[in-house]
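Here is my note on the packing in this model. Please read it with the structure open.

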Amino acid sequence: MRVALAAAVRTLPRGAGLAYEPKFDGHRLVIARSAADVVLQARSGRIVTSAFPDLAAAALQLPAGTVLDGEVVVWHAGRTDFALVQRRAAATAARAAVLAQSLPASYAAFDVLELAGLDVRARPYERRRALLVDLLLPLGPPLQPVPMTTDPELAATWYETLPASGIEGLVVKRLDQAYPAGRRGWQKLRHTDVRDAAVVGYTGTPRRPLALVLVLPVGDETPLVSSPLTAALRREVAEAAAARGTAEPLATAIATATAIGLGEVPYRILDPPLTAEVRHTSARHPPPEVLRLRTDL
């Protein structure tokens, strides 16, 4: 199932016929309920049903022939915690059953693609939204429709106040819009100027990576060394690479990259690359700040 994507904007779109939803900080997830079972699909197309047995069990309440698009999140201390979602997504099947009890997942659904075997993607968003609400409200958590408003002033209030709950911005859709599968037909407004960057390597040792080597989505594609990694990110890099089945999780070769203020430094190549969210920067500013890995792409 090819999911809809969103193009980044710098200001809040306004005008008639627009809908605004909070952008939850989690993993994109498609839920497909067939007559026999439930399949959970990541944005990349990878099947991740075994990682979220709690959501798979909850989705058995859906009518056969239902396909939903949304975000899986984990709530902790009153806010969504992306690192905990990553932990859930990377768990083995045996470990996932334990984590489902200690770190239960929630599903923030924002679209319905099929209902009772009928493909509804060509219908206007406004109609699909009504179908989604009618479907999920009687069921309750952990399957829930995301909030939505057509009031730009309320959306602006959400944008300013919801980050404390882990909401990272807004997604804007046209009420008359069909589901834009595989296209950037929606718009997203985020609180920070964040970009996806290719992680082509790392500095340090396989057991203790110190910084990531990134190719930013703008510029001359010169690999840049990030700012130092947090302990949590070091663990995530090692785990994400190990999950790809490489014998030496992080090291395959040595190259050099530009470290701002230090010149060329050696690093170990990571092949294939990972993807990380970084705070946007350039060679004239401090090193790129790695916010998190994106293993759900």
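The points below cover the nonpolar core, the aromatic pairs and the charges over rings.

1. Basis. This is a predicted model; local features need pLDDT of at least 70, side-chain atom pairs count only at pLDDT 80 or more, and totals for chains, interfaces and linings use all residues. Residues are numbered from 1 along each chain as its sequence is written, and side-chain values use heavy atoms, without hydrogens and water.

2. Core. The largest nonpolar core has 33 residues. Such a core joins buried Ala, Val, Leu, Ile, Met, Phe, Trp, Tyr and Cys through side-chain atoms within 4.5 Å. Buried means under 20% relative accessible area, exposed over 50%, partly exposed in between (1.4 Å probe, protein chains only). Ile31, Leu40, Phe52, Leu55 and Leu68 touch the most other members.

3. First aromatic pair. The whole structure holds 3 aromatic pairs. Rings of Phe, Tyr and Trp (its six-membered ring) pair with centres within 6.5 Å; planes under 30 degrees apart are stacked, over 60 edge-to-face, the rest tilted. Phe24 and Trp75 are edge-to-face, at 6.5 Å and 75°. They sit 51 residues apart. Phe24 is buried at 14% relative accessible area; Trp75 is partly exposed at 41%.

4. Ring cluster. Tyr179 and Trp186 have centres 5.8 Å apart and planes at 80°, so this pair is edge-to-face. Both residues are buried. Ring pairs join Phe110, Tyr179 and Trp186 into a cluster.

5. Charges over rings. The criterion is NZ of Lys or CZ of Arg within 6 Å of the ring centre and within 35 degrees of the ring normal. Lys173 lies over the face of Trp186, 3.9 Å from the ring centre. Arg292 lies over the face of Phe82, at 3.7 Å.

How values were computed: Helix = DSSP H or I, 4+ residues; strand = E, 2+ residues; numbered from the N terminus.
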